[in-house]
Amino acid sequence: MRGLRASSLLLCGVVLIQLFAAQINAQKPKSPWPTLTGDPPFVIARGGFSGLFPDSSYDAYNFAMLTSVSDVVLWCDVQLTKDALGICFPDLTMSNASSIEVVYPTRQKSYPVNGVPTSGWFTIDFSLKDLKAVNLIRGILSRSEKFDGNSNPIMTVQSVATQMKPSFFWLNVQHDAFYAQQNLSMSSFLIAASKTVPIDFISSPEVNFFRKISGRFGRNGPSLVFRFLRQEEFEPTTNRTYGSILSNLTFVKTFASGILVPKSYILPLDDQQYLLPPTSLVQDAHKAGLEVFVSGFANDIDIAHDYSFDPVSEYLSFVDNGNFSVDGVLTDFPITASASLDCFSHIGRNATKQVDFLVISKNGASGDYPGCTDVAYEKAIKDGADVIDCSVQMSSDGTPICLGSIDLGNSTTVALTAFRNRSTTVPELGSVGGIYTFSLTWPEIQTLTPAISNPYGVSRLFRNPNQKNAGKLFSLSDFLNLAKNSTSLSGVLISVENAAYLRENQGLDVVKAVLDTLTHTGYSNNTATKVMIQSTNSSVLVDFKKQSQYETVYKVEENIRDILDSAIEDIKKFADAVVIQKSSVFPLAQSFITTQTNVVEKLQKSQLPVYVELFQNEFLSQPYDFFADATVEINSYITGAGINGTITEFPFTAARYKRNLCLGRKETIPYMAPAQPGALLTLVSPTSLPPAQAPNPVFTDADVTEPPLPPVTAKAPTSTPGTPSTNAQAPSGQTRITLSVLLSVFAMVLASLLLL
């Protein structure tokens with residue numbers, strides 16, 4: 001009995017211990033990060049901030065430390081010199097990212113690298129003393145050359161560690177087999193360096209390298225990470241493809257604790273650069289006990305169309321997708337990776353807004369779909385726009401429609417239709433011919449195919465090609481009904497231009513058409529949805545003010561450096577808010593911000609909210625100061641300049657910024673600090689500074705004052721309904737189809753073919 005009693009007591013004790021342990025575990029907060037360890041993913045700065053400064057330079061490493069998460073990992077591609085010393089340099093050959101060719105023009109050699117004859121200036125042919133005369137420069141020609149003149153010396157592994165003192169230091173050994181063939185031992189260098197330099201990670205794409213260093217760093221040695229190259233490439237020491245090795249992660253686990261893979265291993269793309277379903281690699285690697293790091297992140301490359309040119313969205317797809325998270329990202333722009341992880345991860349669409357400003361669409365979500373179409377407007381609403389916009393144009397039968405341009409050739413494939421013979425040259429609207437909305441009836445316009453805009457197509461940055469002709473064109477009535485039925489919108493913005501020309505030359509009263517449509521769609525009595533009328537013409541806004549109570553917005557098209565107080569007083573007589581251009585806030589010189597104007601401050605002091613256009617996601621649209629990141633740009637205008645709203649072709653990016661978790665903190669986060677105007681230019685050597693620019697003009701009273709709108713003049717009858725007259729008595733602005741018009745039509749045809 002005593003034995004049974006003792007067993008019962010022991011069993012009860014075990015049960016109590018288990019219950020207590022379960023209670024403790026239940027009280028421990030569950031990590032939001034499905035990484036292998038449950039810790040946030042690492043931000044790994046490849047060669048420092050190499051997206052801006054020369055790779056592996058002091059400036060690049062220092063800037064990465066200043067603008068990233070506190071535990072940013074500094075990455076060094078280790079190369080060996082002739083005297084067996086380790087330097088941080090991105091490649092075996094040095095001509096692409098240094099001044100070696102200029103300093104030693106005759107010392108080019110050829111060696112087999114993984115069996116491929118390769119010519120260049122190899123690190124093994126130069127001693128460290130030789131390399132003191134060589135400076136680092138940009139290695140990617142599409143990046144700015146302005147920092148090449150900063151005399152950035154080549155840094156040794158030891159100098160990076162001692163001068164930067166990084167929280168984590170990652171050494172990548174890309175070509176151990178090559179160095180071994182030249183009787184240089186990378187493993188010996190690393191073992192010796194580890195005695196004076198804290199090394200946290202070592203990576204390599206060569207299996208044999210890990211066999212060499214296995215067990216040689218002791219129990220607390222660095223994490224060893226096997227680097228996968230393209231799946232079809234052969235690993236040089238096993239003669240197996242990386243794709244083959246990938247299928248046996250238990251083999252990788254025998255010599256490494258992690259893997260480093262290209263993005264496509266996890267989120268592959270189809271041949272049109274759209275995302276395919278994710279692979280199971282992260283989950284499989286985690287099951288095998290391997291951490292997963294991902295390479296290939298950069299803001300200034302063309303990423304999957306699914307991300308709408310937004311690098312933050314790309315990072316989040318790897319770390320905050322609801323299914324898995326990688327354990328680290330290797331990036332040329334660590335500021336964006338840092339903000340993505342710390343400020344934008346694990347926030348839902350209904351998260352609390354941390355900052356208040358208006359997100360105003362530009363022709364709907366026109367960065368993702370053809371502008372002013374049903375799908376562009378629907379996406380803008382879904383993406384969180386506060387205000388959607390309609391740029392009103394007039395058809396020949398007097399229907400107000402939404403279209404980004406009065407020239408149909410800019411927004412549709414009209415040049416490929418039978419309507420191309422309606423091209424005319426109108427001096428008041430432009431020096432080249434166009435097919436204008438007032439030359440077609442609304443039923444005719446409805447037959448046209450919309451076309452997405454590609455402002456950076458010449459640089460091969462194309463928007464959403466699978467949907468480049470999606471959607472249907474909208475009348476103003478369609479637009480207003482859509483907005484009225486939305487529960488999330490706070491208002492609509494209706495833009496009116498060319499009103500004087502349309503009255504005098506086409507017999508069309510756009511002001512009356514807009515007011516009548518607002519009344520017919522129930523907006524005259526609708527207080528739930530704010531109506532904003534925008535124009536660059538004061539006369540138009542004066543006319544609207546006389547006939548309605550709608551809010552009016554004055555748009556200043558010019559880039560200005562200042563605005564007179566008297567001009568502001570004139571604007572206040574007819575406008576409730578002002579739209580200005582981005583360069584009127586931060587003037588530029590060769591894509592560098594030079595200063596900040598006081599235009600926003602002066603307008604706001606006069607109780608005029610300031611909205612700024614045009615925000616785009618493409619990295620080519622942003623000055624270098626914003627690091628090819630639309631979110632950095634938005635932050636600098638909202639937090640730095642204090643504007644009241646953004647007018648954007650990508651509403652999702654601006655709307656997401658409102659939920660930025662870092663804005664709710666008391667301290668300023670370095671990767672969420674607004675750009676300081678002119679600060680980046682101070683890091684450019686004097687010999688590379690951009691030349692002084694002519695200052696933008698000051699906006700004066702004369703720029704505001706306009707005569708009243710002319711009365712409507714009945715249009716002379718045309719020879720064919722909807723077709724411009726070609727006889728000698730054509731009204732002003734309507735000319736015969738001349739050679740120049742035919743040439744312009746030909747140009748539109750070519751452009752339209754690209755849009756199909």
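A search of the whole structure finds 32 salt bridges. The model is a predicted one. Its protein chain is split into domain 1, made of 42–84 + 138–344, and domain 2, made of 358–406 + 452–700.

**Domain arrangement and interface**

- Between the C-alpha centres of domain 1 and domain 2 the distance is 39 Å.
- Domain 1 brings 34 residues to the contact and domain 2 brings 39 residues.
- The size of an interface is often expressed as the accessible area lost when the parts come together.
- Here, domain 1 and domain 2 bury about 3,000 Å² between them, and 61% of that area is on carbon and sulfur atoms.
- Three residues, Lys-146, Phe-309 and Phe-344, account for 23% of the area that domain 1 buries against domain 2, more than any other three residues.

**Polar and charged pairs across the interface**

- Two salt bridges are counted between domain 1 and domain 2.
- Asp-310 and Arg-656 form a salt bridge through their side chains, with an N to O distance of 2.7 Å.

**The side of domain 1 that touches domain 2**

- Helices H2 (58–67), H12 (311–319) and H13 (334–343) each supply at least two residues of this side.
- H13 gives the most, with six residues.
- By residue class, this side of domain 1 has 17 nonpolar, 12 polar and five charged residues.

**Annotated spans**

- An unreviewed UniProt entry carries the annotation "domain: GP-PDE" for residues 41–341 and 357–658.
- Residues 41–341 are 27% helix and 22% strand, with the end C-alpha atoms 8 Å apart.
- Residues 357–658 are 28% helix and 18% strand, and the end C-alpha atoms of this span lie 8 Å apart.

**A salt bridge between loops**

- Side chains of opposite charge can pair when their charged atoms come close.
- Arg-143 and Asp-300 meet in a side-chain salt bridge at 2.6 Å, N to O.
- Arg-143 is in the loop between strands E6 (135–136) and E7 (152–153), and Asp-300 is in the loop between E15 and H12, so this pair ties together parts 157 residues apart in sequence.

**Backbone geometry**

- Most residues other than glycine have a negative phi, and most peptide bonds are trans.
- Phe-309 has a phi near 65 degrees, a positive value in a residue other than glycine.
- Phe-309 is placed in the loop between strand E15 (291–297) and H12.
- The peptide bond joining Glu-613 and Leu-614 is cis, with omega about 5 degrees.
- Leu-614 belongs to strand E28, residues 610–615.

Definitions and conventions:
Residues numbered from 1 in each chain as written. Predicted model: local features only at pLDDT ≥ 70, side-chain atom pairs only at ≥ 80, totals over all residues. Heavy atoms only, no water. Domains from an automatic or database assignment. Contact = heavy atoms within 4.5 Å. Buried area = accessible area lost by both parts, 1.4 Å probe. Salt bridge = Lys/Arg side-chain N within 4 Å of Asp/Glu carboxyl O. Helix = DSSP H or I, 4+ residues; strand = E, 2+ residues; numbered from the N terminus. Nonpolar A, V, L, I, M, F, W, Y, C, P; charged D, E, K, R; others polar. UniProt positions renumbered as here; feature names shortened; annotations may be inferred.
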